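The sequence and the model come first.

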Amino acid sequence: MEPGLILFRIPFQKKDKIQLTKEEVNHLRALRLGNESTIIQIRDGEGGLFDYLLTPHSKELKFQKETIVPLKANRKKIAIALPKGNRLDFFLQKVTEIGLNEVVFLVFRHSIRKEFNLERAEKIVKEAAAQSKQTEILKLSIETAKDWMEAHTESLVVFHPFGQKPFEMSSLSGKIPVIGPEGGFHEEEENWMERNQIPKLTLPGGVLRTETCGIVAASFLVYGT
């Protein structure tokens with residue numbers, strides 16, 4: 001039987017019986033799934049899929065079976081300035097659906113937004129992962145751009161509106177795309193990239209917003225390389 005609902009719980013420890021949370025119960029009611037027996041699949045975000053049986057008018061789930069999906073060997077990661085406002089929500093939803101593995105949010109000198117609510121962001125990611133039936137969960141972190149880029153110098157390629165090289169898919173092989181803030185890179189950041197010979201690639205079309213460029217980069221990584 002196919003699961004009637006997919007839920008992510010991170011971390012998750014398999015038990016013979018588990019209880020639904022209040023939020024999960026409300027979600028079931030919204031989908032009108034609580035009035036008949038159905039399979040609820042709990043996913044741990046690391047390839048573990050656990051089928052539980054929900055009987056009518058119950059909050060208790062009974063374990064049925066376990067499936068382990070191997071983790072992807074070739075991890076796909078981008079580093080990007082934090083998008084402004086609710087654009088962050090849209091960005092998180094889309095890169096999760098695409099199947100990206102990790103996003104490192106970088107705080108640049110010209111970054112307008114320098115922090116975000118990690119708990120809220122992870123909730124958005126879990127919902128998007130469940131809807132798109134992902135078996136792994138998108139990993140999120142935030143770092144100072146200068147420190148992080150210096151630690152990953154050999155792996156970087158920058159998507160730059162005024163880059164010297166036109167984009168080619170082969171340029172992403174084994175690399176982490178970096179997307180800067182809409183205010184542009186600071187002069188010191190530009191000079192650092194020049195000194196370290198970081199490839200700057202220009203995409204076809206117009207100048208993209210930060211979140212749009214991030215979605216494009218995720219698509220190239222997951223579907224193109």
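**From one residue to the whole chain**

L88 lies in helix α2; helices (H or I, at least four residues) and strands (E, at least two) are DSSP runs, numbered from the N terminus. The model is predicted, so local features need pLDDT of at least 70 and side-chain atom pairs count only at pLDDT 80 or more, while totals for chains, interfaces and linings use all residues. Residues are numbered from 1 along each chain as its sequence is written, and side-chain values use heavy atoms, with hydrogens and water left out.

Is L88 buried or exposed? L88 is buried, because its relative accessible area is 4%; buried means under 20%, exposed over 50% and partly exposed in between, with a 1.4 Å probe and protein chains only. Leaving aside neighbours within four places in sequence, L88 is in contact (heavy atoms within 4.5 Å) with L82, P83, F105, R113 and F116. From L88 to I112 the separation is 24 residues in sequence and 13 Å in space, C-alpha to C-alpha.

A nonpolar core is a set of buried Ala, Val, Leu, Ile, Met, Phe, Trp, Tyr and Cys residues joined through side-chain atoms within 4.5 Å. This core has 29 residues, and F91, L92, V103, F105 and F159 touch the most other members. At least two residues each come from β6 (77–81), α2 (87–98), β7 (102–107), α3 (118–131), β9 (156–159) and α6 (210–224). Apart from this core lies another, of 16 residues, including A79, V104, M149 and V158.

Not counting residues up to four places away in sequence, F159 touches F167, L172, P177, V178, I179, L201, L203, C213, A217 and F220. In β12, L201 stands opposite F159, and β9 runs parallel to strand β12 (residues 200–202), joined by 2 bridges. Two strands pair if DSSP finds at least two bridges between them. The open sheet here has 7 strands in the order β8-β7-β6-β11-β9-β12-β10, with parallel pairing.

Another set of strands involves β3. In strand β3 (residues 38–43), 6 of 6 residues are buried. T38, I40 and I42 point one way from β3, and I39, Q41 and R43 point the other way. In a regular strand the side chains alternate between the two faces of the sheet.

Strand β1 (residues 5–8) pairs with β3 in the parallel sense over 4 bridges, where F8 has R43 as its bridge partner. By contrast, β3 and β4 run antiparallel and are joined by 6 bridges, with I42 partnered by F50. Their hairpin has 4 residues between the strands, and G45 takes a positive phi near 80° there.

Strand β4 (residues 48–54) continues to β5 through an antiparallel pairing over 7 bridges, in which G48 stands opposite I68. The hairpin of β4 and β5 has 5 residues between the strands, and H57 takes a positive phi near 60°. Strand β5 (residues 60–68) is also joined to β2 (residues 17–19) by 3 bridges, again antiparallel; I18 has L61 as its bridge partner.

Taken whole, the protein has 6 helices and 12 strands. Buried residues make up 45% of its 225 residues. The C-alpha atoms fill a box of roughly 65 × 30 × 30 Å along the principal axes.
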